[in-house]
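Some brief notes follow for the file. Please read them alongside the model.

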Amino acid sequence: MQISSRFTIAVHIFSCIDTFEKDTKITSDFLAESVNVNPVIIRKILSQLRNAGLVHVQRGSGGASIAKDPKDITFLDIYHAVDCIENGELFHFHENPNPQCPVGRNIHRILDNKLIQVQKALENELKSITLADIIKDTQYYIQNEKKENVSEYNE
């Protein structure tokens with residue numbers, strides 16, 4: 001099982017907005033080039049983030065911007081915004097366990113609470129990471145990369 005790539009694309013979008021918004025208009029084409037996906041995918045994710053109140057998107061000359069202070073946006077907010085899971089449930093249970101089988105008859109009782117426990121643990125962890133953490137890491141790695149490039153050039 002994997003969480004949809006929409007989540008990591010959304011985080012990538014936020015990092016690009018923060019990094020480049022002072023220098024360039026943040027369009028779906030610009031973001032698609034960084035993410036290396038079709039701009040249609042970016043527009044869909046931007047729409048989901050806008051509907052969740054996490055980004056502002058102005059058509060035409062405006063571009064995209066972050067709608068809230070990055071320290072107030074958690075991974076859980078992003079996760080929920082881009083619909084990474086169906087019906088709010090991380091685990092999709094197989095449809096028709098066999099009621100004639102003692103395991104099939106009891107599998108929900110065996111697993112349901114444990115799966116809820118795992119989902120809550122994931123959500124708590126997602127709540128503990130903010131967009132501000134990601135922006136800080138993005139700036140750190142970009143700065144270190146620039147320093148490494150200068151060092152290589154001077155050698």
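1. Cys16 is buried, at 5% relative accessibility (buried means under 20% relative accessible area, exposed over 50%, partly exposed in between, with a 1.4 Å probe and protein chains only). Cys101 has a relative accessible area of 30% and is partly exposed. The structure holds 0 disulfides, a disulfide being a pair of cysteine sulfur atoms within 2.5 Å.

2. On provenance: this is a predicted model, where local features need pLDDT of at least 70 and side-chain atom pairs count only at pLDDT 80 or more, while totals for chains, interfaces and linings use all residues. Residues are numbered from 1 along each chain as its sequence is written, and side-chain values use heavy atoms, with hydrogens and water left out.

3. Phe7 lies in helix 1 (residues 5-20); helices are DSSP runs of H or I, at least four residues, numbered from the N terminus. Phe7 counts as buried at 11% relative accessibility. Leaving aside residues up to four places away in sequence, Phe7 touches Phe75, Ile78, Tyr79, Val82, Cys84 and Leu126 (contact means heavy atoms within 4.5 Å).

4. The axes of helix 2 (residues 28-35) and helix 3 (residues 39-51) come within 8 Å and cross at roughly 110°; axes are lines fitted to C-alpha atoms over the stretch in contact, and angles run from 0 to 180 degrees between N-to-C directions. That makes helix 2 roughly perpendicular to helix 3 (65 to 115 degrees).

5. In that pair, Ser28, Asp29, Leu31, Ala32 and Val35 of helix 2 meet Pro39, Ile42, Arg43 and Leu46 of helix 3.

Definitions and conventions:
Helices (H or I, at least four residues) and strands (E, at least two) are DSSP runs, numbered from the N terminus. Angles under 35 degrees count as roughly parallel, over 145 as roughly antiparallel, 65 to 115 as roughly perpendicular and the rest as oblique.
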